[in-house]
Structure formats: structure tokens, C-alpha cells
Amino acid sequence: MKPFNNISDLITNFNVNPRAQKQDEILSDAIQLQKKRNKELLAENKWKHIMKNNITKLAAAAVILIALIITFNHNGVSPDGATIAWADVVKQLNNYEKYKCRQRVIVDNGTDLPTMEVIHVNLSLRRQEVEDGTIHIIDMQNEDAILVELKPDEQKAVVTKMLGYGPKKDPDIIDMVKRFDQESTERLGTKEVDGKNLYGFRHKPNEHNDFTVWVDTGTKLPVEIELRHPKMKNMIYMDNFEFDFEYDPEDFSTKVPEGYVVETIINDYRPVEPKQISANEIQAGLNHTAYTIGNLPWVTDIMTVQTIDPLGSRAISYITALNTIDDNNILLIQGNYYDTGRMIWIFNQQLVLESGPEIKVYTHPNGKEYAKYFLEGFSKDMPDFAEFELSDQRQTRMITMPDEVVIGMAANRPVSDEMLKDLVNSLAPVQSE
Amino acid sequence: MLEDKILLWRFKRGSTIALERIYTKHKVYLTSVATALLNDTHAAEDALHDFFVLLVQSADSIKLNRSFKAYSAVCVANIAKNKLKRRKLEPAALEGSCAIETEYPEPVLLAQQQEQTIAINKALAKLPYEQREAVTLHLLAGMTFAQIAKSTDTSINTIQSRYRYGLDKLKTLLNNEVIK
């Protein structure tokens with residue numbers, strides 16, 4: 001045997017495989033346990049998850065509505081004498097995979113969103129017909145989810161491909177229903193609408209959601225639902241529920257009709273390993289302008305990296321990291337979702353700097369957390385570049401550019417006004433090679 | 001590292017595919033850590049089994065403040081330590097091929113690698129457990145001395161000493177083996 005010269009390397013490369021048979025056994029046992037755990041997770045965690053997810057919000061609300069109805073009637077006879085047995089409702093629900101309803105979003109400040117009819121073929125495929133004529137087809141059945149927005153009047157279409165986002169399915173109704181909390185429901189009595197007897201319930205599962213549900217005592221199916229978000233100061237109102245209807249599969253096709261002008265947006269949600277990239281590669285990954293930083297005398301080191309957004313959106317983030325002469329670490333974050341159209345909340349934040357007529361710098365409502373996630377994530381990904389202790393003075397700034405692009409800035413320590421101004425003024429669109 | 005975070009995020013939300021990927025990605029590394037600490041491949045496989053069972057059972061309460069690699073290594077080290085205590089398992093060092101399966105597919109490389117692995121394992125078995133733990137967690141699990149100190153509730157200096165003594169002893173043991 002050769003002499004052992006580098007013991008550290010030998011230990012580092014010490015590799016032992018479990019035997020094949022044992023491998024199968026371990027994995028199989030773990031997966032069985034995970035499946036068992038999943039049954040418990042379905043009702044508990046998905047409730048929270050779906051209510052936070054814009055894409056599934058409507059479906060979730062309807063599912064919860066049904067769950068509420070079943071739950072409320074679980075104890076037997078309703079006050080108007082109509083008997084609604086639990087088993088009957090479950091049986092009824094099993095007959096309907098598809099459903100449709102009308103949805104309105106009412107905002108307390110009066111900026112109501114347009115009414116739309118939402119048609120679910122299943123929990124991964126739906127069509128939304130908005131009152132202004134716009135049509136949305138949302139298909140999350142495959143690994144690459146797709147959202148098609150058609151504007152028939154203008155013959156325009158926007159196709160958003162979300163690579164690696166799917167397949168996604170809203171929670172299984174029955175599993176949710178079986179585990180729904182029955183304790184805190186309020187009975188509202190009866191009312192008659194269009195000759196139908198409805199029975200109302202109110203349920204506040206948490207401080208964010210306040211449901212009022214009206215059920216047809218005859219069909220045992222929902223007729224109206226009002227979902228209030230007290231903190232967001234808005235309300236989703238759904239009615240005109242239908243569970244038994246025919247539909248044309250062509251209505252759910254994500255193929256854009258001929259003659260439309262198509263804009264395609266690609267959002268990549270596939271996991272990526274962090275890697276160092278060039279400014280041009282940022283531009284290749286973004287569907288809006290990418291920005292690069294000019295030479296700044298107080299920057300000692302600079303690195304650009306592609307990584308996954310550590311905030312959990314699953315989108316790709318492009319980070320330009322700067323080490324400075326005053327021992328600060330600054331990250332500039334760019335991504336496909338960083339624009340003022342999506343981040344309208346920025347304009348409610350405090351304006352801290354205006355540079356020229358069109359570049360503005362704002363605070364972030366949760367700046368310490370944002371900075372923490374990005375700084376810690378970057379430090380773990382690139383420890384040789386950024387090894388530092390997270391400072392209590394860390395901060396986040398959101399920079400809005402003239403073309404509506406937003407650049408996030410996470411700094412471990414406060415950045416002086418002069419440096420911030422230097423930095424903002426040095427930002428320039430990436431020039432392709 | 002980020003991939004681990006995403007996998008763990010999916011796993012915590014019930015994904016069996018993520019669990020399978022976590023397993024595939026870390027099984028060799030964790031078996032190696034367990035083998036280095038227990039000097040028994042069968043006991044190491046049991047430790048790996050225990051770890052994945054515990055991982056699923058405690059999925060809801062997992063909060064990572066370090067890499068998954070370091071987290072899993074500490075868990076496996078704790079399981080190994082308990083096994084040693086419970087069974088009074090004396091490090092017996094591996095003999096012959098003793099069920100070692102390495103990752104080298106080429107027969108010549110495989111033979112060399114197995115020979116080397118057995119020699120290392122024999123040498124590791126002769127270290128006191130604390131030194132073995134410091135060497136394994138630092139070199140194999142890639143943990144910093146500070147992380148090891150925190151997870152074993154020991155001072156950094158102690159861990160560094162254990163590591164240094166352990167490494168020196170390994171050097172002596174392995175090179176004596178060659179001379180013999």
C-alpha cells in the first residue's frame with residue numbers, strides 16, 4: 001500500500017455506500033412514513049398555504065367553503081328543518097371535480113377589481129373570464145405551468161411560462177373536510193334568495209380570514225361565499241356556483257388563437273445551484289432591463305451570482321455583491337418579478353433618496369428580514385467572498401429605475417447617503433456584447 | 001446548499017420525491033460519517049435508517065440554522081453516540097471487505113479504494129470517540145470547529161485539540177500500517 005501522505009484528504013474522501021438491499025429498505029420505510037404524514041398535513045398546512053397563494057386563492061376559497069358547509073352540517077339537523085347528513089354531503093362532493101362561480105374582489109378604498117367568472121375543470125386547470133373581456137387560462141397540470149392572458153378586443157395575448165412551477169394541485173377536498181376545525185363557527189340563520197332557502201354560517205379561522213357562507217339547504221351545495229381579509233382590507237365575494245355543467249375542452253387550451261400578437265414571458269422556477277455569472281448572463285435571464293454597477297472607488301471587490309430567491313418564491317435571483325472599504329457588504333438583487341407593476345407596495349414606503357428625476361430609493365416594510373435572508377444566503381453560497389457576521393443595523397432599500405425595473409439592495413450595515421447616491425448613479429443598463 | 005434548502009422545504013410540505021432526492025444525495029455521505037464513528041457498516045446502516053425515520057417524524061419542527069449537510073451529520077453523530085452507549089458497541093474495525101461498498105466502479109480503483117477505506121476505518125477505530133467525532137465532523141461533514149463545539153456543547157479549543165491529536169494519531173497509525 002502507498003504511504004498515507006495527506007490524512008485530511010483521505011478522511012474527506014472516505015466513502016461508504018450502504019448495501020443495495022438496505023438502501024431500498026431505508027428509503028421505503030422513510031417514504032411510507034412520509035405518506036402517512038402527508039395525510040395529516042393535507043388539512044392543516046395546505047389551508048395556510050393556499051390562502052397565501054394567489055394562483056390557488058380562488059380554488060382554495062371554494063374548497064374551504066365546501067368544507068365549511070360540510071362541517072357546519074355535521075352535527076345533524078339545520079334550524080330550518082332540512083336534514084343534511086355528513087355522509088350525503090361527502091357523497092355529493094365526490095360527484096363534482098369541476099365547478100364554476102362568479103368572483104368579485106371588493107377593496108375598502110374603493111379600487112375594486114373587475115368581476116370575473118371562474119371555471120375550474122379540475123384543481124390544476126381553470127379559465128377566468130373577466131368583465132372587461134380578458135380571458136385567463138391557467139394550466140398547472142404539467143411541470144411547466146402556463147398562464148395565458150387573451151385580450152380578444154385587441155387581438156393580443158400574454159403567455160407566461162412558469163418553468164418548473166408545476167404540476168400543482170389544490171388540496172383534496174375530502175381530506176380537507178375531514179379535518180376541518182368545527183369549533184368556532186357561528187350560525188347566522190336562514191334567508192331566501194331567488195326562491196331558494198339558504199342557511200348562513202360565519203367562520204373566522206384566523207385573524208386574516210373571515211368567512212360568511214350561505215348554503216342551499218336543498219342541494220347541500222354553496223350558493224354564496226364572502227371571504228373578508230380584515231388586514232388587507234378587501235373582500236372576495238363569490239356566488240352563482242355551478243357544479244353540474246358541460247364545457248368545451250378547447251376553452252381551456254393554452255394555444256393562442258391565430259392572428260393574436262403574442263408576448264411571451266418566461267419565469268424560471270427550476271432549482272439552480274448558485275453560480276458566478278457575467279452581467280450579460282443576467283440580461284439573458286431577465287425579461288426586462290438588467291443593470292450593472294459602474295466603477296466605484298469605495299468598492300474593494302465585486303461578484304455577480306445567479307441563485308434561487310432565498311425568500312421562498314422559487315424564482316431565480318441575480319445578485320451583484322459588493323465588499324466596501326468600510327467593511328460593509330452590499331447585495332443588489334435583480335429578478336424577473338422585480339418591477340413596480342408587481343411591487344406596487346413600494347410606493348407606500350418612505351422615500352429616502354431621489355436621484356435625478358426618475359431614480360428613487362425607498363425603504364422596505366420588512367427590511368431587516370429581507371436583508372437577513374439575502375445576506376445569509378449569499379454568505380453560505382459564496383463563503384470565500386462574503387464571510388461576515390450579520391449586523392443588527394442591516395437594512396434594505398428598494399431602487400426604482402426609470403423603466404419601472406426594481407433593484408433590491410440588502411446591506412449588512414447602513415450605507416451613507418453619499419455612497420448610496422454614488423451607487424444609484426453608477427447603475428447602467430447592461431450593454432450586450 | 002440552496003438545493004438542499006429547496007428540497008427540505010418541499011419535503012416538509014410532504015413531497016416524497018424531495019425525500020427521495022435528499023436520501024439519494026446524502027446516503028453515502030451519512031453512511032460514511034456513521035461508519036467512521038461506529039466502525040461497523042451494519043450499525044452505520046441502522047444509524048442511517050434511524051436518521052431518516054426521525055427526519056420524517058420530526059419534519060414539522062426542523063429549523064435549520066446551518067447547512068443540511070452539517071445538520072444531518074450532527075444528527076447521525078448523536079444517533080451513533082447513543083448506539084455506542086446503548087449497546088456498548090466496541091469499535092471493532094472492519095476486516096477484509098466487510099460489506100464496504102465504495103463509489104468507485106472500476107475494479108482496480110475499487111480494490112484500491114476498499115483497501116484504503118478499511119485502513120482508514122481501522123485507524124479511526126483506535127481513536128478515542130471524542131477525537132474520532134471531531135475529525136469526522138470537521139473533515140467528512142465539513143463543519144467548522146465552532147459548529148462542532150456548539151453541537152457537542154464543548155469549547156472550540158477543546159474541539160481543536162481533539163482534532164489535532166486525532167489527526168496526529170491517525171497519521172502515525174496509518175503510516176505504521178504501511179511500514180508493517
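1. Axes are lines fitted to C-alpha atoms, for helices over the stretch in contact, and angles run from 0 to 180 degrees between N-to-C directions. In these terms, helix α8 (residues 417–426) of chain A runs at about 50 degrees to β18(A). The helix lies across β18, β19 and β20 of chain A. The model is a predicted one, and the points below should be read accordingly.

2. The three strands under α8(A) belong to an open sheet of eight strands in chain A, with the order β13-β15-β16-β17-β21-β20-β19-β18 and antiparallel pairing. Its edges are β13 (275–276) and β18 (351–355) of chain A, each of which pairs on one side only. Within the sheet, strand β19 (residues 359–363) of chain A runs antiparallel to β20(A), and four bridges join the two. A:Thr363 has A:Arg397 of β20(A) as its bridge partner.

3. On one side, strand β15 (residues 299–308) of chain A is joined to β16(A) by nine bridges in the antiparallel sense, and A:Ile302 is bridged to A:Leu322 of β16(A). The pairing of β16(A) with strand β17 (residues 329–335) of chain A is also antiparallel, over seven bridges. Here A:Ala321 has A:Leu331 of β17(A) as its bridge partner. Seven of the nine residues of β16(A) are buried, and the strand is mostly covered. In a regular strand, side chains alternate between the two faces of the sheet.

4. The hairpin of β16(A) and β17(A) has four residues between the strands. In this hairpin A:Asp327 takes a positive phi, near 65 degrees.

5. A:Gln155, which is not a glycine, has phi near 55 degrees. The loop that holds A:Gln155 runs between β5 (145–151) and β6 of chain A. A:Gln155 is exposed because it has 12 other C-beta atoms within 10 Å, and the cut-off is 12 or fewer. A:Glu404, also not a glycine, has a positive phi of about 75 degrees and sits in the loop between β20 (395–400) and β21 (406–411) of chain A. Its 15 C-beta neighbours inside 10 Å make A:Glu404 partly exposed.

6. There is a cis peptide bond from A:Gly166 to A:Pro167, with omega near -10 degrees. A:Pro167 lies in a loop as well, between β6 (156–163) and α5 (173–178) of chain A.

7. Chain B contains eight helices and zero strands, which gives the pattern α-α-α-α-α-α-α-α along the sequence. Of its 180 residues, 38% are buried. Among the contacts in chain B with a separation of 6 or more, 68% are between residues 24 or more positions apart.

8. How do α2(B) and α6(B) pack, and at what angle? Their axes are 9 Å apart and the angle is about 160 degrees. The two helices are therefore roughly antiparallel, a class that takes angles over 145. Their crossing is right-handed. B:Ser32, B:Val33, B:Ala36 and B:Leu37 of α2(B) make the contact with B:Arg132, B:Glu133, B:Thr136 and B:Leu140 of α6(B). By class, the contact of α2(B) with α6(B) has four nonpolar, two polar and two charged residues.

9. Between the chains, 47 residues of chain B are in contact with 36 residues of chain A. On the side of chain B that touches chain A, two or more residues come from each of α1 (2–12), α2 (16–38), α3 (41–57), α5 (107–125), α6 (129–140) and α8 (156–179) of chain B. The largest share, 10 residues, is given by α2(B). That side of chain B has 25 nonpolar, 13 polar and nine charged residues.

Terms used. Residues are numbered from 1 along each chain as its sequence is written. Chains are lettered from A and ligands numbered from 1 in the order in which they are written. This is a predicted model: local features need pLDDT of at least 70, side-chain atom pairs count only at pLDDT 80 or more; totals for chains, interfaces and linings use all residues. A residue is buried if 20 or more other C-beta atoms lie within 10 Å of its own, exposed if 12 or fewer, and partly exposed in between; C-beta atoms are placed from the backbone. Two residues are in contact if their C-beta atoms, placed from the backbone, lie within 7 Å. Two strands pair if DSSP finds at least two bridges between them. Ala, Val, Leu, Ile, Met, Phe, Trp, Tyr, Cys and Pro count as nonpolar, Asp, Glu, Lys and Arg as charged, and the others, Gly among them, as polar. Angles under 35 degrees count as roughly parallel, over 145 as roughly antiparallel, 65 to 115 as roughly perpendicular and the rest as oblique. A crossing is left-handed if the near helix is turned anticlockwise from the far one by less than a right angle, and right-handed if clockwise.
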